[in-house]
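Let's take a walk through this structure together, one side chain at a time. Have a look at it first, and then read on.

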Amino acid sequence: MVDFKKVNIEKQIEKDLKIDVFNLQKEWANQPNLFMHYAMKAAKYRDKRDNLKRKISKKILKEKGEMSEAALNRIVDRNPDVLKYRYLRDIYKYATQAFEQRKRALEHEQELLVKGFFAEPKSKK
């Protein structure tokens, strides 16, 4: 079953990654804010996942007693909420990587503009 909230997140990321080549000044002004927004979201979900994993681990150890770390991790990592937070963290983590690529694309677009790629053809006199 598709979670529509996740679909909306993905559509928003796609929208934010688009570059308006006719408004590079605005795109450059927004780039650091967009990158930071997605980096903060990735950190938020990483922290939520880690806190939840600690909480679940403590609960399991209290109920079942001593067990190996590998066995404990297998149980904790299958928890649906842990999986959800890992998924969200990954989406935002990979979005930040995409914004690094967006930055390079902006640099190339700017270079083309400066070199006159979009210049009008010049007639010979």
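Tyr-45 has a relative accessible area of 10%, so this residue is buried (buried means under 20% relative accessible area, exposed over 50% and partly exposed in between, with a 1.4 Å probe and protein chains only). The model is a predicted one, where local features need pLDDT of at least 70 and side-chain atom pairs count only at pLDDT 80 or more, while totals for chains, interfaces and linings use all residues. Residues are numbered from 1 along each chain as its sequence is written, and side-chain values use heavy atoms, leaving out hydrogens and water.

Now for the rings. Rings of Phe, Tyr and Trp (its six-membered ring) pair if their centres lie within 6.5 Å; planes under 30 degrees apart count as stacked, over 60 as edge-to-face and the rest as tilted. By this rule there are 4 aromatic pairs. In one of them, Tyr-38 and Phe-99 have ring centres 5.1 Å apart and planes at 20 degrees, so they are stacked. Tyr-38 sits in helix 2 (residues 24-64) and Phe-99 in helix 4, so this pair ties together parts 61 residues apart in sequence. Helices (H or I, at least four residues) and strands (E, at least two) are DSSP runs, numbered from the N terminus. Tyr-38 and Phe-99 are both buried.

What about Tyr-45 and Tyr-92? Their ring centres are 5.8 Å apart with planes at 5 degrees, so this pair is stacked. Tyr-45 belongs to helix 2 and Tyr-92 to helix 4, 47 residues apart. Tyr-92 is buried because its relative accessibility is 7%. Ring pairs link Tyr-38, Tyr-45, Tyr-85, Tyr-92 and Phe-99 into a cluster.
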